[in-house]
Amino acid sequence: MNLQFLGHNAWLLSVDEYRILVDPFLTGNPRAAISADDVQADCILVTHGHGDHLGDTVALSKRTKATVVAMVKTASWLEKNGVKSCQGLNYGGSVTLDGNVVKMVPAWHTSTLPDGTNGGLPCGFVVRTRNGKNVYFAGDTCLFGDMQLLRRYPIDLACLPIGGHYTMDPEDALLAVKFLQPRVVIPCHYDTWPVIAQDAEAWCKRVEAETDTKCVVLPPGKCILTDD
Ligand code: NI
Ligand code: MN
């Protein structure tokens with residue numbers, strides 16, 4: 001399994017030949033590692049309706065025929081906007097795609113779609129890969145106590161926002177690592193714009209000083225192999 005950071009909160013998780021794309025905000029993303037025209041996907045996970053997460057989902061699903069997984073209200077909006085294959089989940093629900101179990105978990109944030117429609121509640125995802133690894137995509141969220149419940153999986157890899165302003169800041173994200181106790185954490189949702197500029201390397205040093213979690217800063221485009 002291979003996880004590539006595409007910039008901001010966009011990820012490409014490849015499990016064998018199956019490609020799981022998360023929050024494909026590529027067009028207009030100053031930190032995008034790849035053009036929306038060049039990315040391939042078998043499914044797309046959307047955490048919420050904000051443009052910096054929903055991004056190129058509609059166009060990508062039309063081109064790639066990828067199944068889109070999103071909160072029910074966001075999923076029905078996507079269907080109305082031309083997405084043919086949608087799985088509308090709600091918290092606690094899951095769908096199995098090519099042997100990978102995609103589970104929807106809570107996130108504390110808002111979710112307005114590009115035309116102003118309410119997208120329902122925002123979410124995160126825990127993906128249990130067909131190879132038995134658990135990857136947590138927090139999406140946009142503040143710190144919340146129930147993150148502690150996720151360590152039961154346990155989490156091999158956690159992708160956490162640290163940018164502040166719209167999401168957890170580094171201080172709260174550090175406590176999130178303590179709650180989640182992932183094997184590896186990767187910070188995201190920072191430095192895309194000045195308002196969410198953060199020192200990710202300094203944050204990683206704190207994580208490794210204060211927890212048993214390994215912290216990896218991935219520049220956009222870079223990958224982490226997680227079979228070790
Ligand atoms: Ni957001
Ligand atoms: Mn965001």
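Me: Contact means heavy atoms within 4.5 Å. With that limit in mind, against which elements do the buried residues of H4 pack?

Reply: The model is a predicted one, in which local features need pLDDT of at least 70 and side-chain atom pairs count only at pLDDT 80 or more, while totals for chains, interfaces and linings use all residues. Residues are numbered from 1 along each chain as its sequence is written, chains are lettered from A and ligands numbered from 1 in the order in which they are written, and side-chain values use heavy atoms, with hydrogens and water left out. The buried residues of H4 pack against E10, E11, E12 and H5.

Me: What makes H4 a helix, and which of its residues are buried?

Reply: Helices (H or I, at least four residues) and strands (E, at least two) are DSSP runs, numbered from the N terminus. H4 covers residues 170–180. Buried means under 20% relative accessible area, exposed over 50%, and partly exposed in between (1.4 Å probe, protein chains only). In H4 the buried residues are Pro 170, Ala 173, Leu 174, Ala 176, Val 177, Phe 179 and Leu 180. Gln 181 follows the helix and has a positive phi, near 50°.

Me: How do you know which residues coordinate the manganese ion (ligand 2)?

Reply: Donors are N, O and S atoms within 2.8 Å of the metal (3.2 Å for Na, K and Ca); water is not among the atoms, so sites may look incomplete. Asp 52 (OD), His 53 (NE2), Asp 140 (OD) and His 189 (NE2) stand at 2.1 to 2.2 Å from the manganese ion, and they therefore meet the criterion for donors. Along the sequence their spacing is D-H-x86-D-x48-H.

Me: Which residue coordinates both the manganese ion (ligand 2) and the nickel ion (ligand 1)?

Reply: Asp 140 coordinates both ions, which are 3.3 Å apart. Asp 140 lies in the loop between strand E10 (134–137) and strand E11 (157–161), and His 189 in the loop between strand E12 (184–188) and helix H5 (200–210); the two are 49 residues apart, and the pair links distant parts of the chain. Asp 140 and His 189 are both buried.

Me: Why is the pair of Phe 5 and Trp 11 called tilted?

Reply: Rings of Phe, Tyr and Trp (its six-membered ring) pair if their centres lie within 6.5 Å; planes under 30 degrees apart count as stacked, over 60 as edge-to-face and the rest as tilted. The structure holds three aromatic pairs. For Phe 5 and Trp 11 the centres are 4.6 Å apart and the planes stand at 40°, so this pair is tilted.

Me: Why is the pair of Trp 11 and Phe 137 also called tilted, and what does it tie together?

Reply: Their ring centres are 6.2 Å apart and their planes at 55°, so this pair too is tilted. Trp 11 belongs to strand E2 (residues 10–15) and Phe 137 to strand E10, so the pair ties together parts that are 126 residues apart in sequence. Phe 5, Trp 11 and Phe 137 form one aromatic cluster. Trp 11 has 0% relative accessibility and therefore counts as buried; Phe 137, at 2%, counts as buried as well.

Me: What makes the approach of Thr 192 to His 8 a polar contact?

Reply: A polar contact is a pair of N or O atoms within 3.5 Å; within protein, one must be able to donate a hydrogen and the other to accept it, and residues adjacent in sequence count only if both atoms are side-chain atoms. The side chains of Thr 192 and His 8 make such a contact at 2.6 Å. Thr 192 is in the loop between E12 and H5, and its 6% relative accessibility places it among the buried residues.
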